[in-house]
Amino acid sequence: KQVVHTKADGTDTTVEEQLLALNSTLKSAIKYVDYQVTLDSNAYVAPFSYYANNYLPISDIEKYGTPISATLMASSGQAHPVALTLMSNGKYHYTCVATAAKGVMTVVFLKVN
């Protein structure tokens, strides 16, 4: 509040005002999207009995921006990691393993205009 400076357009502002504006912009740039995921049987990665290999919908990438993280919450309430990879075809691929056949994958998207 106490530090006042002149912006490029000639108006005065405070550091507090500028930080509040930046925080507001960042909050609106982040979106959380939930996907219902059905996993396939997995006989290869113990102790995980299920896995999923798929792509995020291109329409969601266009709408929400770049996926920056993801987590799978199994129906049992246990959280499982998700790997996100940008493929050479321009699609975002996800891979996850879990102890349950169904879960909700929450993807965090960032879209900066």
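Modeller: Start with T85, which stands opposite H93 in strand 8. This is a predicted model, so local features need pLDDT of at least 70 and side-chain atom pairs count only at pLDDT 80 or more, while totals for chains, interfaces and linings use all residues. Residues are numbered from 1 along each chain as its sequence is written, and side-chain values use heavy atoms, with hydrogens and water left out.

Biologist: Which strand does strand 8 pair with over five bridges?

Modeller: Strand 7, residues 79-86, in the antiparallel sense. Two strands pair if DSSP finds at least two bridges between them. Strands are DSSP runs of E with at least two residues, helices are runs of H or I with at least four, and both are numbered from the N terminus.

Biologist: And which strand pairs with strand 8 over six bridges?

Modeller: Strand 5, residues 50-55, again antiparallel. There Y55 stands opposite H93.

Biologist: What does G90 do in the hairpin of strand 7 and strand 8?

Modeller: G90 takes a positive phi near 85 degrees, and the hairpin has five residues between the strands.

Biologist: What is the strand order in the open sheet?

Modeller: The order is 3-9-6-7-8-5-4, seven strands with antiparallel pairing. Strand 3 and strand 4 (40-41) are the edges, each pairing on one side only.

Biologist: How many bridges join strand 4 to strand 5?

Modeller: Two, and these strands run antiparallel. D40 has Y51 in strand 5 as its bridge partner.

Biologist: Is strand 8 mostly covered or mostly open?

Modeller: Mostly covered: six of the seven residues in strand 8 (residues 92-98) are buried. Buried means under 20% relative accessible area, exposed over 50%, and partly exposed in between, with a 1.4 Å probe and protein chains only.

Biologist: Which residues touch the most other members in the largest nonpolar core?

Modeller: Y35, V37, L56, L72, Y94 and M105, out of 17 residues in that core. Strand 3 (30-38), strand 6 (66-74), strand 8 and strand 9 (102-110) each supply at least two of the core residues. Strand 8 gives the largest share, four residues. A nonpolar core is a set of buried Ala, Val, Leu, Ile, Met, Phe, Trp, Tyr and Cys residues joined through side-chain atoms within 4.5 Å.

Biologist: What is L56 in contact with?

Modeller: Leaving aside neighbours within four places in sequence, L56 is in contact with Y35, I61, P67, L84, Y92, Y94, M105, V107 and F109. Contact means heavy atoms within 4.5 Å.

Biologist: On to rings. How many aromatic pairs does the structure hold?

Modeller: One. Y64 and F109 form a tilted pair, 5.4 Å centre to centre with 40 degrees between the planes. The pair links distant parts of the chain, with Y64 in helix 2 (residues 58-64) and F109 in strand 9, 45 residues apart. Rings of Phe, Tyr and Trp (its six-membered ring) pair if their centres lie within 6.5 Å; planes under 30 degrees apart count as stacked, over 60 as edge-to-face and the rest as tilted.

Biologist: Why does Y64 count as buried?

Modeller: Because its relative accessibility is 19%. F109 is buried too, at 0% relative accessible area.

Biologist: Where does the charged end of K91 sit?

Modeller: Over the ring of Y55, 5.2 Å from its centre. A charge sits over a ring if NZ of Lys or CZ of Arg is within 6 Å of the ring centre and within 35 degrees of the ring normal.

Biologist: Where is the place of N42?

Modeller: In the loop between strand 4 and strand 5. N42 counts as buried because its relative accessibility is 12%. A polar atom of the N42 side chain lies 3.1 Å from the backbone oxygen of F48. A polar contact is a pair of N or O atoms within 3.5 Å; within protein, one must be able to donate a hydrogen and the other to accept it, and residues adjacent in sequence count only if both atoms are side-chain atoms.

Biologist: A43 as well: buried or exposed?

Modeller: Exposed, with a relative accessible area of 71%.

Biologist: Last one: which backbone oxygen does the side chain of K111 reach at 3.3 Å?

Modeller: That of K63. The backbone oxygen of E62 lies 2.9 Å from a polar atom of the K111 side chain.
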